[in-house]
Amino acid sequence: MRRLPPVLLEDGCPRELISLIRTVLAACKEISFRVGQGALSGVLGSTLDENIQGETQKKLDVLTNQLLKDILLESGYVKAIASEEEDFTVAGNPDAKYIVAFDPLDGSSNTDINSLVGTIFSIMEAPEGADPADQSIFMQPGKNQVAAGYVLYGPSTVLALTTGKGTRFFTLDKTHGTFLLTEDFASIPEETSEFAINASNQRHWQPAMQNYITDLIAGDTGPRGRNFNMRWIAAMVGDVHRVLCRGGIFTYPTDTKDPNKPNKLRLLYEANPMAMLIEQAGGIASTGTERIMDIQPNAIHQRVAVILGSKNEVETCLSYHK
Ligand code: AFP
């Protein structure tokens, strides 16, 4: 099986970008070990703190954020970082070319039940001559990403990665500490009979999503004329991985549950990198009204509605929004 650096070199990926990706992965290998230790290393449970988004931080949120932050900033390969767990962006090497946005541990509430969690990352180039302390260098649409990926800490540790030449899976060989190519070009089936949504929010959704899900649930007795199955992992990284592996539609739509927070998922370090992986595997990623990767961000922790997955099913869902 092939290791990651030669695969990316063959794609013509710049050496500096490969080094940066390997730096992210060095941190992820450490995270994989820590997550795997579970209760043995005393890292489960919550801290007494909240992040800027008002969410209680898990001990592992804090630990994984610190790990990624330290390794990335020490490497010299990043001009600045943005993280779900940092109030503001953090400046790095002024001479570096790249900026990285990440969610260090997506689905962190799953750690306490020994279920799926992952690290999501998005890499872009900083504008030339930009000040590393200037937050606005992150205000670029997702289509500017030069690489995006996640590392899923499950029964095996899997990296999904794209540098714009398809979406690939690499599996961590824990005996040697290397990520080996296990699927070269992931391709999402266009048709699916599987959907993922937190159905407990149904009464808060907008009419378009209400109508779409009602028709899916009606199955062969409704307008769709066939049955659909539902899955929900409560970690986007797990749900998106399933969609990349066997198709499906995943959505976290706008809702009215909390008027101050109409959307849940974050654009820069959740929606954008997942959108790039999905599109590179032949799927679609939209908010319901526009392509996710076309959105011009206006804040580091901006949230957006997400509808992504199998092409034909996402298009059907979008037709309810027209
Ligand atoms: P964290 O990154 O704070 O752990 O949140 C996970 C998440 O944003 C996303 O990964 C899931 O799809 C979603 O939350 C699950 O939310 P519910 O609480 O609605 O199940």
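Student: Which residue forms a salt bridge with Arg-246?
Tutor: The partner is Glu-194, with the closest N and O atoms 2.9 Å apart. Please keep in mind that this is a predicted model.

Student: Where in the chain do Arg-246 and Glu-194 sit?
Tutor: Arg-246 belongs to helix α5 (residues 236-246) and Glu-194 to strand β11 (residues 194-196). The two are 52 residues apart, and the pair links distant parts of the chain.

Student: Is Glu-194 buried or exposed?
Tutor: Glu-194 counts as buried because its relative accessibility is 11%, under the 20% limit. Arg-246, at 46%, counts as partly exposed.

Student: What about Lys-58; which side chain does it meet in a salt bridge?
Tutor: The side chain of Asp-112, at 2.8 Å from N to O.

Student: Why does Lys-58 count as buried?
Tutor: Lys-58 counts as buried because its relative accessibility is 13%, and the cut-off for that class is under 20%. Asp-112 has a relative accessible area of 35% and is partly exposed.

Student: Now Glu-30: what is its salt-bridge partner?
Tutor: Glu-30 pairs with Arg-34, the closest N and O atoms being 3.0 Å apart. Both residues lie in helix α2 (residues 15-37), four residues apart, which is about one turn of the helix. Glu-30 is partly exposed at 29% relative accessibility, and Arg-34 is partly exposed at 27%.

Student: Changing topic: how many helices and strands are there?
Tutor: The protein has seven helices and 17 strands. Its radius of gyration is 19 Å, close to the 20 Å that the globule rule gives for 322 residues, so the protein is as compact as a globular protein of that length.

Student: What box do the C-alpha atoms fill?
Tutor: Along the principal axes, the C-alpha atoms fill a box of roughly 60 × 45 × 45 Å.

Student: What share of the residues is buried?
Tutor: Buried residues make up 56% of the 322. As for the surface, the protein exposes about 13300 Å², and carbon and sulfur atoms supply 49% of that area.

Student: What part of the contacts comes from residues 24 or more positions apart?
Tutor: Such residues account for 62% of the contacts with a separation of 6 or more.

Student: How far apart are the mean positions of the positive and negative charges?
Tutor: They are 4 Å apart, for 29 positive and 39 negative charges.

Student: Let me turn to the backbone. What is phi of Asn-114?
Tutor: Phi of Asn-114 is near 55°, a positive value in a residue other than glycine. Asn-114 lies in the loop between β5 and β6, and at 73% relative accessibility Asn-114 counts as exposed.

Student: And what is phi of Ala-234?
Tutor: Ala-234 has a positive phi of about 65°, although it is not a glycine. Ala-234 is found in the loop between β12 (229-230) and α5, where it counts as partly exposed at 41% relative accessibility.

Student: Where is Asp-11 placed?
Tutor: Asp-11 is in the loop between α1 (4-10) and α2. Asp-11 is buried, with a relative accessible area of 16%. Apart from neighbours within four places in sequence, Asp-11 is in contact with Thr-163, Lys-165 and Arg-168.

Student: How far is Ala-275 from Lys-143 in space?
Tutor: The C-alpha atoms of Ala-275 and Lys-143 are 9.3 Å apart, while the two residues are 132 residues apart in sequence.

Terms used. Residues numbered from 1 in each chain as written. Predicted model: local features only at pLDDT ≥ 70, side-chain atom pairs only at ≥ 80, totals over all residues. Heavy atoms only, no water. Salt bridge = Lys/Arg side-chain N within 4 Å of Asp/Glu carboxyl O. Buried < 20%, exposed > 50% of the residue type's maximum accessible area, 1.4 Å probe, protein only. Rg over C-alpha atoms; globule rule 2.2 N^0.38 Å. Contact = heavy atoms within 4.5 Å. Areas by Shrake-Rupley, 256 points an atom, 1.4 Å probe, with all protein chains shown as cover. Lys, Arg positive; Asp, Glu negative; His and termini not counted. Charge placed at Lys NZ, Arg CZ, Asp CG, Glu CD.
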